[in-house]
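Please read the report below with the sequence and the model side by side, and look up each residue as it is named.

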Amino acid sequence: MTIERTFSIIKPDATARNRTGAINAMIEQAGLRIVAQKRIRMSRQEAETFYGVHRARPFFGELVDFMTSGPVVVQVLEGDNAVTAYRDLMGATDPAKAGPGTIRKVHAQSIGENSVHGSDAAATAEKEIAQFFAGNEIVG
Ligand code: ATP
Ligand code: MG
C-alpha cells in the first residue's frame, strides 16, 4: 500500500448540472477519501497559473474561460496510489474515449467540458494542492 494524495477539481459543467454529490459518490465508491473540499469561483489569474503548462496550446483561452465560468469544487483525495487511481476513475480526457463506469463517461459533455480534473503525477499533486489549500485545511 502506498497512501498518497491527489488534487481534484469538479469543473463548472458538473457543478452547473448539480453533479457534485454523484461524482463524490463515485470517488468514495472507488476507495478514495475526500480529505479536503471547498467550492470556489476561480479567478482568471488562478486558472492561468493552474493550467500554465498548457499556455501555448490552442485551447488555452477557451480552457481559462471555461474554468472561470462558474463554481468549481476543489478537493484533496487520499488513498492507495491516489494519483493513478483517480486518473483511472476519471477516464480519458475526451469522454467519447472514456471507458465504461468512469466519471467522464458518465458525466462529461465534451473534451473541454469534461467534468473533472485530477493531477497527473505525485509532484504535480503536491504543487496543485498547495495552490488551493493550507495545510490545516486538509484533515486525513
Ligand atoms: P486535466 O488536466 O483537466 O485533469 P487531462 O490531464 O485529461 O485533464 P490535459 O491534456 O491536461 O488533459 O488537458 C487539460 C484540460 O484542457 C482538459 O481536461 C480539457 O478540459 C482541456 N482540453 C484538453 N484538450 C482539449 C481540446 N482539444 N479542446 C478543448 N479543451 C481541451
Ligand atoms: Mg492534465
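## Salt bridges

D13 counts as buried, at 4% relative accessibility, where buried means under 20% relative accessible area, exposed means over 50%, and partly exposed covers the values in between, using a 1.4 Å probe and the protein chains only. The side chain of D13 meets that of R17 in a salt bridge, with an N to O distance of 2.6 Å, a salt bridge being a side-chain nitrogen of Lys or Arg within 4 Å of a carboxyl oxygen of Asp or Glu. R17 is partly exposed, with a relative accessible area of 25%. This is a predicted model, in which local features need pLDDT of at least 70 and side-chain atom pairs count only at pLDDT 80 or more, while totals for chains, interfaces and linings use all residues; side-chain values use heavy atoms, with hydrogens and water left out. Residues are numbered from 1 along each chain as its sequence is written, and chains are lettered from A and ligands numbered from 1 in the order in which they are written.

A search of the whole structure finds 4 salt bridges. One of them joins R5 to E78, whose closest N and O atoms are 2.8 Å apart. Because R5 lies in strand β1 (residues 3–10) and E78 in strand β3 (residues 72–80), the pair ties together parts that are 73 residues apart in sequence; helices (H or I, at least four residues) and strands (E, at least two) are DSSP runs, numbered from the N terminus. R5 is partly exposed, with a relative accessible area of 34%, whereas E78 counts as buried at 17% relative accessibility. Another salt bridge is formed by the side chains of E137 and K38, at 3.2 Å from N to O. E137 lies in the segment after α7 and K38 in strand β2 (residues 33–40), so this pair ties together parts that are 99 residues apart in sequence. E137 is partly exposed, with a relative accessible area of 36%, and K38 counts as partly exposed at 24% relative accessibility.

## Aromatic pairs

The count comes to 5 aromatic pairs, under a rule by which rings of Phe, Tyr and Trp (its six-membered ring) pair if their centres lie within 6.5 Å, with planes under 30 degrees apart counted as stacked, over 60 as edge-to-face and the rest as tilted. The rings of F7 and F50 have centres 5.7 Å apart and planes at 55 degrees, so this pair is tilted. Since F7 lies in strand β1 and F50 in helix α3, the pair ties together parts that are 43 residues apart in sequence, and both F7 and F50 are buried.

F7 also pairs with F133, and because their planes stand at 70 degrees, with ring centres 6.5 Å apart, this pair is edge-to-face. The pair links distant parts of the chain, F7 being in strand β1 and F133 in the segment after α7, 126 residues apart. Both F7 and F133 are buried. Ring pairs link F7, F50, Y51, F132 and F133 into a cluster.

## The nonpolar core

Which residues have the most contacts inside the largest nonpolar core? They are F7, I9, M42, M67, V74, F132 and F133, in a core of 21 residues, where a nonpolar core is a set of buried Ala, Val, Leu, Ile, Met, Phe, Trp, Tyr and Cys residues joined through side-chain atoms within 4.5 Å. At least two residues of this core come from each of β1, β2, α3, α4, β3 and α7, and the largest share, 5 residues, comes from α4. In soluble globular proteins, nonpolar side chains tend to be buried together.

## Positive phi angles

N18, a residue other than glycine, has a positive phi near 60 degrees. N18 is found in the loop between α1 (12–16) and α2 (20–29), and at 71% relative accessibility N18 counts as exposed. S115, also a residue other than glycine, has a positive phi near 70 degrees. S115 is found in the loop between α6 (103–107) and β4, and at 0% relative accessibility S115 counts as buried.
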